[in-house]
2 protein chains.
Amino acid sequence: MGKAPPLSPLAPAAFPELPVIPGVRFATVEAGVRYAGRTDVMLAELAPGTAMAGVFTRSATRSAAVLDCEAKIGNHDSSGAAIIVNSGNANAFTGRNGTESVRAVTQAVADTLNLPETRVFSSSTGVIGEPLPHDRINAKLSSLKTSLSDDAIADAAQAIMTTDTFPKGSGTTIEIDGQMVRIAGIAKGSGMIAPDMATMLVYIFTDAAIDQPVLQSMVSALNETSFNCITVDGDTSTSDTLLVAATGASGIRVTENSIGFMEGLRRVMLDLAHQVVRDGEGATKFVEISVTGATSDTEARTHAMAIANSPLVKTAIAGEDPNWGRIVMAIGKSGAPADRDRLEIRFGDVLVAHNGWVNPDYREEDAAAHMKQQELEVHVDLGLGGGRAVVWTCDLTHGYIEINADYRS
Amino acid sequence: MGKAPPLSPLAPAAFPELPVIPGVRFATVEAGVRYAGRTDVMLAELAPGTAMAGVFTRSATRSAAVLDCEAKIGNHDSSGAAIIVNSGNANAFTGRNGTESVRAVTQAVADTLNLPETRVFSSSTGVIGEPLPHDRINAKLSSLKTSLSDDAIADAAQAIMTTDTFPKGSGTTIEIDGQMVRIAGIAKGSGMIAPDMATMLVYIFTDAAIDQPVLQSMVSALNETSFNCITVDGDTSTSDTLLVAATGASGIRVTENSIGFMEGLRRVMLDLAHQVVRDGEGATKFVEISVTGATSDTEARTHAMAIANSPLVKTAIAGEDPNWGRIVMAIGKSGAPADRDRLEIRFGDVLVAHNGWVNPDYREEDAAAHMKQQELEVHVDLGLGGGRAVVWTCDLTHGYIEINADYRS
């Protein structure tokens, strides 16, 4: 890996203050999996009774750790649980060795924390195709156990980074029947970020008491409008994992009707998703693309993603060029229904085009002023129906080329 | 438009010697549509009896000229024909004005050359969404008519360029029953190049005598494995047009069984398609991606295009990095069937991975040596069936960002 890229200009000012989640303890360590001089393994220990839900990449070449998590996630078990994550090596496309490495690590964590192996979830992120030196991880487990702490979530966010330029965290507290429930989550992800699956590595913790099937259906539903609606480069990781752990330590029961909890979880997931876009490789602009008037929500998302993934749109945004012709192009190529003569396009509040042509009152300097901002909005109305979608992306800059033309060297 | 990008390092040494096609005459002029100090309009006049075939973009926002060509292409007519092309302005997303501009130009060409308006085909390429100043074109028609010449095809190739760094031409002569038939074609295209339609502007001429339906079915079939198998950036133009004109002036009849002619036409189309990739915006590498062992040819093409359009693969190629993990990633995300443990990946002759993991004899320096070449081959065998596809693309470099972050400014 070359020298670290500079801090994203879209980074938040600081890592947020996150609520401590009763029932979760974190530890991190320098295991030297690939990187030197930084933490690269994080362990989260979860109290007995914790319900685990997850969403994983649908890549046909998904990693051994993802396959293992998928097999375990539906288990209902009143024992404790653990999450072990390493950065630097994705343990993807490593054949049978990959499966054996996952088993070696999860078994060792289970032994160390006195858990059933079926309750240990693992993730690996980093280079694809190189064997995971799992002995280096296992050699650190007893020291990890010793240092477990309930307020080390910021360290955990740091340990799971790869090309990320800042650690990502988000949290909230929700009042339910006069009592407080807490949610805190961390994420990593910067490149190889694309929609249509749970992207990146994301771990969210809450002390609410939720039955596993309820938690799973909440997480799956909220994933569709958060992590599945962001894209950096249209490329999809082999390792993407979202795990949500509900420890129940608050004693407050959450059901499928808990609107307040759902809304809190939605905010945390969306915040983490946006932070991933803000750390998009080489990003200098954060872009919200909303499409309305489509024949369905699905068709709206297809159009929005065609715009968000178009290299010509993304380079125009990098160049602060209100090149709305490229928006028209992307809509045309998306494959979803569109009628050229009903299109309406806005940059922020600036009405650029409607009825199939440029707005007669359009002044390019108005749109150009909007493009100079760090946070941009592109809105397209198709004029066909009630379908709508919002997705988030960043621009495509020299920074992306620099980072990716020599990531392994 | 900013300053012209430098000549592509993948450009051919010179524009080829093309055969003169009896029945076709060309003229070009500086009409000042958008550019100054260069030719920007080309006219091709076609002899009576010419059969016209075409394939057009399937974009939902295709331009007025494309819609007009589509409506006219199936006509069987023994009169002559003409093709009029301007660069600098795409006349796309220009509403009713766009349709009126096409009609104004085609009617004026028809009047000038004494043709029915239904036999005048037009194309426009350049900026989207600005009104086409068609009066500037029409003002030059009588001077274009005066300068029509049967050996000006190289000038025609020059006049239709936009961000192209070199003019593109290809030709051949085929012996049929002891007599010679000639084919010559020109193309333009550099960015906004993507598959699943006839890409760019391409004009091919032959003096063979072919019935229009036979010519159309030949062109449509050959298009699938030539222009529809290239990609520069995955973005699809609103104006893509391929027109093939058979003047019949040789008196030699070609039927659907003329294998020799088909093969000659195939070579010309493929050569022009490759030249477009060689002029891909910012390209420094020409990459052939072949996929075999897929469950069908369609699935093979889906995988090949996922690899060819992946920004992570394309930046790795730019960095001369044999990062085969990104090939695995692209296969995984393509959506087509793949079995991780049956994958075989080669860079050139170097076997990188098979049976789901790196080849034990693989030495990175061998693959790295292949990556340093200007012409690369990536081969993937999926081990599932007999489906196969070959596509061509280029790398993604700083040059692409430079060209597209300020194309309009």
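Predicted model: local features only at pLDDT ≥ 70, side-chain atom pairs only at ≥ 80, totals over all residues.

Visitor: Into which domains is chain A divided?

Guide: Domain bounds come from an automatic or database domain assignment. Chain A is split into domain 1, covering 24-278, and domain 2, covering 286-405. Taken over C-alpha atoms, the centres of these two domains of chain A are separated by 33 Å.

Visitor: How many residues of domain 1 of chain A are in contact with domain 2 of chain A?

Guide: Two residues are in contact if their C-beta atoms, placed from the backbone, lie within 7 Å. In chain A, 11 residues of domain 1 are in contact with 11 residues of domain 2. On the side of domain 1 of chain A that touches domain 2 of chain A, the elements giving two or more residues are strand S9 (230-231) and helix H7 (259-278) of chain A. H7(A) gives the most to that side, with three residues. Helices (H or I, at least four residues) and strands (E, at least two) are DSSP runs, numbered from the N terminus.

Visitor: How do strands S12 and S13 of chain A run?

Guide: Two strands pair if DSSP finds at least two bridges between them. Strand S12 (residues 344-347) and strand S13 (residues 350-354) of chain A run antiparallel and are joined by three bridges. Phe347(A) has Val350(A) in S13(A) as its bridge partner. S12(A) and S13(A) form a hairpin with two residues between them, and Gly348(A) in the turn has a positive phi of about 60°.

Visitor: Which strand do two bridges join to S13(A)?

Guide: That is strand S14 (residues 357-358) of chain A, which runs antiparallel to S13(A). Here His354(A) has Trp357(A) in S14(A) as its bridge partner. This hairpin, formed by S13(A) and S14(A), has two residues between the strands, and Asn355(A) in the turn has a positive phi of about 55°.

Visitor: Which residues have the most contacts inside the largest nonpolar core?

Guide: A nonpolar core is a set of buried Ala, Val, Leu, Ile, Met, Phe, Trp, Tyr and Cys residues joined through C-beta atoms within 7 Å. A residue is buried if 20 or more other C-beta atoms lie within 10 Å of its own, exposed if 12 or fewer, and partly exposed in between; C-beta atoms are placed from the backbone. The largest nonpolar core has 272 residues, and Ala82(A) and Ala82(B) have the most contacts inside it. Not counting residues up to four places away in sequence, Ala82(A) touches several residues, including Leu43(A), Val109(A) and Arg119(A).

Visitor: Is Lys168(A) buried or exposed?

Guide: Lys168(A) is buried because 29 other C-beta atoms lie within 10 Å. Lys168(A) is placed in strand S6 (residues 168-176) of chain A. Its C-alpha atom is 8.4 Å from that of Gly185(A), a residue 17 residues apart along the chain.

Visitor: Where is Glu320(A) found?

Guide: Glu320(A) is in the loop between helix H9 (311-318) and helix H10 (324-333) of chain A. Although Glu320(A) is a residue other than glycine, its phi is positive, near 55°. Glu320(A) counts as buried because it has 21 C-beta neighbours inside 10 Å.

Technical notes
Residues numbered from 1 in each chain as written. Chains lettered and ligands numbered in written order.
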